[in-house]
Every structure is written in structure tokens, then in C-alpha cells.
Amino acid sequence: MDSPSSLSQLARVEHLEVDTSDRALHEARADKSGHRSDSAPLAVVYPSTIEAVQTVMRWATEHRVPVVTRGGGSGLAGGAIGSDGEIVLSLERLNRILEISISDRLARVEAGVINADLNAAAQEHGLWFGPDPASRAWSTVGGNIATNAGGLLCAKYGVTREAVLALTVVLADGRVIHPGHRSVKGVTGLDLTQLFIGSEGLLGIIVEATVKLLPTPHTETWTLAARFSDIAAATDACEDITSSGHTPAILELVDNVALGPIHEYLGLEAPEPTEVLLIAQSDSPDAAGDIATFAAVCERHGARTDSHGPGPEAEALLQLRRSMHPAMEQHGTVLIEDVAVPLATRGDVPRGPPYRSRTKRADSHGRPRSRWQPSSELHRSWRDRTRAHLGGRGRTVSCSAGAGWHTHRGARCRAVEKALDSRRARRRPNRAPPGNQVGVRPDEHSQPRQNV
Ligand SMILES: Cc1cc2nc3c(=O)[nH]c(=O)nc-3n(C[C@H](O)[C@H](O)[C@H](O)COP(=O)(O)OP(=O)(O)OC[C@H]3O[C@@H](n4cnc5c(N)ncnc54)[C@H](O)[C@@H]3O)c2cc1C
């Protein structure tokens, strides 16, 4: 492609900014996966209307330019990273909340709306938006849908999939489709909406979404901190909690590998080296009663517990969990492996991957700081054990919310990509993990990306 002259066609499109500045290209080479592309994309484009997105896709198809879609860039799987020969399509200016319907309990939003902004707007109407990834302050609704993001509340309210009613999607050739329904009973037709949820930018560009809102609970939430001295006791307690007939809204286990760095990051006193923290929260009409039951279960498994009604202590506990990623980031590149298993088998998941301290360096105050890095050998062995263990249905491993490797991916997924004409360019060697591209390279076939 003669890039400058072709790009200049795009630069004349209404409601579209084409940015080729060093700063924009530099930022688009990385997301929160810890990887950085070794080359810059051609441009970052910022459409502010659906028509402008369509124009970009028609242009990209005509010029055979792969497109990497980008929301807030908070993804952990490298899917929003742009590289040589690609354009990065940022949804950040498609950020209007188009409707909040109290009677239908739904919102219609453009894909670049920040999750927390939608939640704040919904709360003004006594409603809230269920998906709550820890990145909600800067991840977008489109990105949450594209990664099928979960959050602390997914134990009770499920992942983003549960909140999506309908989508507007721009396909690789610029056509627009509207899968889904606005009604509660939306059962006619094939459920194409589900195909796009979790598709991580592979099948098309989500430009608008109709999402369910939930009524704000009128009860007070209660939160439990249970501290165990080993993880097996904690996972046994989790199993007894979920078998108890009560549904926790949050059930989060922070192991000792993460707990130490989190305490350090938040400036808290160091925990016992083997301490494992289980955080449970209930928002049911008898939240205090639920938490008392969960505390009794945990104490039976040897935990020390404390319970809190709404207030700063409860918020501080959730903050501990939300600080996991930035806390680990302080120690080097964070390698996230998201293992999903049925609840009853969670205790058998191999632990790891082990991290080890490789180098010591001084921080800005001259204090020595250890830099932790995953050992590739140890990580490989953990990964192999995990894969062998997960060799059954319904269990997945990915770089956190990745469309990447799972037990079902293969020819059928590739057939869908082909059917939607969204084949990706072949992964090129010597590159950081490629951004997930929608677009066609006629001379190359697509290859499934394996996140592990
Ligand atoms: C501190 C931190 C905490 C996190 N906590 C969680 C968590 O609790 N749960 C969780 O699941 N994830 C979590 N994540 C991961 C990440 O925030 C989520 O995956 C989030 O949903 C990504 O949204 P985004 O707008 O930043 O998307 P991006 O990072 O910009 O993109 C992610 C992927 O989606 C594609 N994409 C983005 N927008 C669109 C669109 N409109 N149409 C089509 N494809 C699109 C991109 O191409 C890319 O493949 C966390 C990340 C960080 C850094």
C-alpha cells in the first residue's frame, strides 16, 4: 500500500481523526498485557460516528490493511496492540450514552463508553451495570463485551455475557449488522450476539450495545475477610460456601504470592508469608445472616475472620483485590493465566506459575528492589500440567479474558471467522503478541492464536 497517499484519503473523512504522531503510535504499540510491539502501526484512527467506522473498514478492505480495534487498552491478552502495516481503530470518541430506560431496565450506549461512566449514569436512576472488571474506571463497554469481562461480582451476577441484549457491529467490509433483541424474551433467530461476545475484535467492530441494567439492591451489603494459613483449606471453605444454599455476590481468593506485594503496594503491614485471604460479600436481603454463615464455614476450616457492614473497612478489602494487577506490575512484567474450571473442581487446579526474583535494582529512593520475573521453564511446566488437567469440557486457560486457547477452539472457530469474512493476517514472527485484527490478507490464511 502507498500508505501516505492512501491514509490521506482517510484523513479527509468527516468525523474521523487520523493520528500519525509519535505519541499516538507509541501508545498504540502496547496495552496492559506487558507486551510492546517491536514496530509501530501506520496510524491510529478515531471515528466519532458509526458511518466513519464503516468508511474506515471499507478503506481497509480495499487497501488490504488489517485493523486492530482498541477500547480503553486495558486488555491483558495483547489484543489491542498495533504493529507495522496495521491501523489501530480507537473507539474512544464513540462514547455517548444514548438511552437509559427505567421501565425496560436497559441502556443503549456507544462502544467507547467507559464502564464506570455508564454505572454512574445508571445509578442516578436507581439502576446499575453488573459487569465490574477491576479496570472498570478506564475500560470500555465495547472492550468488556469483546473480552466477555468478568469482575468481582461475577460469582452472583455472571460475566458481561449475562448483561448484553443486542449489538450493532460493523463487519470487515463495512456492512452493519444488528444482532440481538431489546425485549426480555428475545428468542427468535440464531443468537449471533453471543458470537461477538468474547470475540476480541476478531469478527467485527462492536460500535453500539444494548445492555441490561439491574435495580440497585435496597439492602446493606456485608463483607467477610477470612484469613487462612493454606490455600487448600481456603478452597475447601469456598466449596462449602457455594454448597451452603446461599449465593455470595463476591467470593475472591487472594493467595500468598499476590497478598504480600499487594500489602507492600498499598503501604500495609506485611501479612504472614503463607497467609491466604478469602473475601466474601453478600447483598441479599439477609446479607448479615449470610456473612455469619460464611464466617462459621471458614472458621471450621481454620480461618480467622472479621465481618463488616457497608463502610470504609469493606471498601478497603475490595481495594486489596483490585490492587492485585498494579501491585504485581511493580515487580516486573505480569503474566496473567486465567484458568476457568467448574466450581467443584477448583481445588485441583495446579498452583502457579511460580515467580522468581532474578535481579535486584534500586528504586528511585535508592532502596534495593527485587524484580520478579516468571521463569519460562517453570511457567512451561505449570502450563503443561494445567493443560493436561484441563483436558475436559468446560475448562479454559487464557491470558485473562482471551478468545485464545480453550478446549473447543479450532476448525469451527476458524469457519466462523471465515464466514464473517474477518480472517486475520498470519501471525508474523519476531513480534510481540499481535493485536487481534479484523481484515483480510488474501495471500495469507488465518491461524488461531494460542494464548498459552
Ligand atoms: C488493573 C486491571 C484489572 C483488570 N481486571 C479485570 C477483571 O476483573 N476482569 C476481567 O475480565 N478483565 C480484567 N482486566 C482486563 C481488561 O480490563 C478487560 O478485559 C476489559 O474488558 C478490556 O476493555 P478495554 O476497553 O480496555 O479493551 P481493550 O484492551 O482496548 O481491547 C481488548 C480486546 O477487545 C477488542 N476490542 C475492544 N473494543 C472493541 C470493540 N468495540 N469491538 C470489537 N473488539 C473490541 C480489542 O481488539 C482487544 O482484542 C483488567 C485489566 C487491568 C489492567
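I take helices (H or I, at least four residues) and strands (E, at least two) as DSSP runs, numbered from the N terminus. The model is predicted, so I read local features at pLDDT of at least 70 and side-chain atom pairs at pLDDT 80 or more, while totals for chains, interfaces and linings use all residues. Residues are numbered from 1 along each chain as its sequence is written.

Entry on serine 139. I found serine 139 in the loop between β7 (127–128) and α5 (141–147). It counts as buried because it has 24 C-beta neighbours inside 10 Å, where 20 or more make a residue buried, 12 or fewer exposed, and values in between partly exposed, with C-beta atoms placed from the backbone. Leaving out residues up to four places away in sequence, I listed its contacts as Gly71, Gly72, Ser74, Asn115, Pro133, Asn144 and Ala149, a contact being two such C-beta atoms within 7 Å. The C-alpha atoms of serine 139 and serine 74 are separated by 6.0 Å, although the two lie 65 residues apart along the chain.

Entry on strand β4. I looked at β4 (residues 87–90) and noted that both faces are covered, with Ile87 and Leu89 buried on one side and Val88 and Ser90 buried on the other. Strand β2 (residues 43–47) runs parallel to β4 and is joined to it by three bridges, and strands count as paired if DSSP finds at least two bridges between them. Alanine 43 has isoleucine 87 as its bridge partner in β4. Strand β3 (residues 67–70) also pairs with β4 in the parallel sense, over four bridges, and there threonine 69 is partnered by leucine 89.
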